[in-house]
Amino acid sequence: MTQNRASRLESNASQSFLVEASERLASARSMPAVVEVLRNTARAAIGADGIAVVLKDGDECSYVAEDAIAPLWSGRRFPADQCISGWSMQHVETVIVSDVRADPRIPQTAYEPTFVRSLAMVPIGRPNPVAALGAYWSTTGTPPEGSIARLESLGRLAAIAVENARLLDLNREDARLKATMLAAGRMGLWSFDVASGTLDASAACRKNFGRDPALPFTYDDLQSAIHPDDREWGWVQRVEATL
C-alpha cells in the first residue's frame with residue numbers, strides 16, 4: 001500500500017510538471033525560449049534520468065540542450081542518418097529502445113561514455129519534424145507507459161510552440177525589412193480610418209508633405225498638401241466616396 005501511495009504521489013508530481021511545461025510553452029515566443037522550457041521542465045515531467053533537446057539542422061542533428069544526472073551530448077552534432085534522433089525525425093515516430101547496447105540504430109561510440117541504457121525519442125513537428133525530444137534512463141527495460149505518454153504530450157505541445165515561434169520570427173523579420181526599406185527610401189506610412197475619418201501618418205510621411213511631425217495632420221491637411229493636378233488621379237476622391 002505504501003508503494004502504491006508513492007507511485008500515486010510520483011504520478012501527481014509528474015502531471016504537475018507537465019501542466020507547468022504546457023503553460024510555459026504556450027507563452028514561449030522564440031525557438032530558444034521553447035528549448036529553455038523543455039530543458040527546465042521535461043525531465044521532471046517525464047520522470048527520466050536525463051533529457052535532451054535536438055534540433056534538425058540540414059543533414060545533422062544538433063544537441064542544443066540537456067538536463068541529466070551526468071553529461072550527454074550538449075553542443076555536439078551528429079549526422080542525421082547516424083543517430084536515433086535523426087531516425088525518429090525521418091520516420092516521424094516515437095522510438096523506444098529498451099537496451100541501447102542491443103539496438104543496431106544506436107551509435108555505440110557516442111553512447112558508451114554515458115549512463116544511458118534505455119531511451120525514448122519523440123519527433124517534434126508534423127509532417128516534417130524540425131526537432132526531437134529524448135528521454136534517457138540508466139537502467140535497461142521498457143520505459144513506463146506513463147512516461148512515454150507524457151513525452152509524446154510534450155512533443156505535441158512543443159510542436160505548437162515551435163510553429164508559433166516561427167510565425168512570430170517571420171512577422172518580426174517582415175517588420176524589420178519594411179522599416180529598413182522605408183528608411184532607405186525616405187518614405188512614410190499613413191493609414192485612414194474610414195469609419196472615424198481619422199488619419200494616422202508617420203513622421204516621415206508628414207515631412208514628405210511639408211508638415212511639422214510634431215503638429216497634428218488631418219485628412220484635410222493631406223488633401224491640401226497635394227497639387228490639384230495630382231488629385232485628378234482620383235485616389236483622394238475614392239477615399240471620399242467611401243465615406
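## The largest cavity

At about 50 Å³, this is the largest cavity in the structure. The model is a predicted one, where local features need pLDDT of at least 70, side-chain atom pairs count only at pLDDT 80 or more, and totals for chains, interfaces and linings use all residues. Residues are numbered from 1 along each chain as its sequence is written, and side-chain values use heavy atoms, with hydrogens and water left out.

What counts as a cavity here? It is a set of points, on a 1 Å grid over the protein atoms alone, where a 1.4 Å probe fits but cannot get out; lining residues have an atom within 4 Å of a point. Grid points are joined across faces, edges and corners, and the volume is the space filled by probe spheres set on the points.

Who sits around the largest cavity? Its lining consists of Tyr63, Trp73, Phe78, Cys83, Ile84, Pro107, Ala110 and Tyr111. Sorted by class, that lining has eight nonpolar residues, no polar and no charged ones. (Nonpolar covers Ala, Val, Leu, Ile, Met, Phe, Trp, Tyr, Cys and Pro; charged covers Asp, Glu, Lys and Arg; the others, Gly among them, are polar.)

## The second largest cavity

The biggest contributor is α2, with four residues. Class by class, you get ten nonpolar residues, no polar and no charged ones.

## The chain as a whole

The chain has nine helices and eight strands; these are DSSP runs numbered from the N terminus (helices: H or I, at least four residues; strands: E, at least two). Of the 243 residues, 37% are buried, meaning under 20% relative accessible area with a 1.4 Å probe, protein chains only. Among contacts (heavy atoms within 4.5 Å) with a separation of 6 or more, 45% are between residues 24 or more positions apart.

## A look at Thr114

Thr114 lies in the loop between α4 (108–111) and β5 (118–124). Why is Thr114 classed as buried? Because its relative accessibility is 8%. Neighbours within four places in sequence aside, Thr114 is in contact with Pro71, Leu72 and Trp73. Trp73 also turns up in the lining of the largest cavity.

Technical notes
On a 1 Å grid over the protein atoms alone, a cavity is a set of points where a 1.4 Å probe fits but cannot get out, and a pocket is an open set with protein on both sides within 12 Å along at least five of seven lines; lining residues have an atom within 4 Å of a point. Buried means under 20% relative accessible area, exposed over 50%, partly exposed in between (1.4 Å probe, protein chains only).
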